[in-house]
Amino acid sequence: MRSSKRMSAHVALSAAALCCAALASAAVRADGPALPNNDGADGVLRVCADPDNMPLSNDKGEGYENKIASAMAHDLGYKVEFTYFPQRIGFVRHTLREKISDNGRYKCDLVVGVPKGYDLTSTTHPYLRSTYAMVLPNKPEFANVKTPDDLLALPPDVLHKLRFGIFTQTPAVDWLLAHGLIDQAHSYQIQSGDTHVYPGEIVEHDLAAGDIDVAFLWGPIAGYFAKRAGDSVRIVPFPPQKDIRFDYQISMGVRYGEKPWHDKIDQWIGSHQDKIDAILTSYDVPLLRPVESAGSQASGGSQ
């Protein structure tokens, strides 16, 4: 599916998840199910993460993926360690699938954020369902824009002068094409050669400078950078639609063939969704319901 492939690429940049009984540190006893390799067997939760990709993660531990991993480690009675590598092409190969030469242990055993059904990892039940959103400056001409359709209803002389900041290979491209607005788009590459470039820059720099009038971003990024911008901007999330896919579910990723470890992570997610939601909400992530869980048959817009 074209939009699923686009989302996988976008989560690699951004990044974009999603049970049963509560787990405690006692669940790690030697008489429990054997875990492959070194996944949690020594009481360390080793997490693969991007060092500079807020609000998801950074090497200061400030992202929501950092916080979720730390909460999981605490509940399991583990220590947490991060292996950082830019979430670009080769991320999984150089983290989750790469071994340390002197001891044969994998560098890390868990990726906190991957699209549900991501083909490079085995994915858990989703823990996050969000959607793309528009970021608008708080200007009088946008006062009545509460939904994407409201933007389309602006007077033609206003609408057709707007400059839209979009990332290639995202649903915003299809939406602008469908409404005859693609010629007004300023296109940004999903992946640049500079690992310090982050998608929220189009809000912090280009939208703030007036170089674009509306920014289209994956919801967690839109919410975080809109919050940082204070009262100068606000977000308008896209509701789920039939023709263009805007909403996606985010899971955690582990190596294939490690079912006991996969199930252990699944159980933690299902037992601590409220804790995960609280972390995500603190970053102003726009959350959609339902999110599919191990204890629910709801599809929640699965990929």
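D247 and R245 are both buried, where buried means under 20% relative accessible area, exposed over 50% and partly exposed in between, with a 1.4 Å probe and protein chains only. Their side chains meet in a salt bridge at 3.6 Å, N to O; a salt bridge is a side-chain nitrogen of Lys or Arg within 4 Å of a carboxyl oxygen of Asp or Glu. The charged end of R245 also sits over the ring of Y248, 4.7 Å from its centre. For that description, NZ of Lys or CZ of Arg must be within 6 Å of the ring centre and within 35 degrees of the ring normal.

Before I continue, a word on the source. This is a predicted model, in which local features need pLDDT of at least 70 and side-chain atom pairs count only at pLDDT 80 or more, while totals for chains, interfaces and linings use all residues. Residues are numbered from 1 along each chain as its sequence is written, and side-chain values use heavy atoms, with hydrogens and water left out.

I return to the charged residues. R255 takes part in a salt bridge with E258, at 2.7 Å from N to O, and both of these residues are buried. R255 also lies over the face of Y106, 3.7 Å from the ring centre.

How many salt bridges does a search of the whole structure find? The search gives 13. One of them joins the side chains of D213 and R163, at 3.1 Å from N to O. This pair links distant parts of the chain, 50 residues apart: D213 is in the loop between α7 (201-209) and β10 (214-218), and R163 in the loop between α5 (156-159) and β8 (164-167). Helices (H or I, at least four residues) and strands (E, at least two) are DSSP runs, numbered from the N terminus. D213 counts as buried, at 12% relative accessibility, whereas R163 is partly exposed, at 38%. Salt bridges also link D42, R46 and E81 in a network.

I turn now to the aromatic residues. Rings of Phe, Tyr and Trp (its six-membered ring) pair if their centres lie within 6.5 Å; planes under 30 degrees apart count as stacked, over 60 as edge-to-face and the rest as tilted. By this rule there are twelve aromatic pairs. The ring centres of Y64 and Y283 are 5.8 Å apart and the planes stand at 75°, so this pair is edge-to-face. Because Y64 lies in helix α2 (residues 64-76) and Y283 in the segment after α10 (273-282), the pair ties together parts that are 219 residues apart in sequence. Y64 and Y283 are both buried. Elsewhere, ring pairs link F164, W175, F216, F238 and F246 into a cluster.

The next topic is helix α7. Which residues of α7 are buried? They are I202, V203, D206 and L207. Seen down the axis of α7, these buried residues fall within an arc of 115°, so they line one face of the helix; the arc is that of the directions from the helix axis to the C-beta atoms. In general, an α-helix has 3.6 residues a turn, so residues three or four places apart point the same way. On the other side of α7, A208 and A209 are exposed. The cover over the buried residues includes β7 (128-137), β8, β9 (185-188), β10, α8 (219-228) and β11 (233-237). After α7 comes G210, whose phi is positive, near 85°.

Several backbone details deserve mention. A cis peptide bond joins M54 and P55, with omega about 10°, and P55 is found in the loop between β2 (52-53) and β3 (57-58). Another cis peptide bond joins R289 and P290, with omega about 0°; P290 is in the segment after α10. Q169, although not a glycine, has a positive phi of about 60°. Q169 lies in the loop between β8 and α6 (171-178) and is partly exposed, with a relative accessible area of 47%. D284, in the segment after α10, has a positive phi near 60° and is likewise a residue other than glycine.

The mean pLDDT, the predictor's confidence in each residue from 0 to 100, is 85 for the protein, and 81% of its residues reach 70 or more. Over residues 1-32 the pLDDT stays under 50, and the model has 105 contacts beyond four places in sequence for them, a contact being heavy atoms within 4.5 Å. Residues 294-303 also have pLDDT below 50, with 25 contacts in the model beyond near neighbours in sequence.
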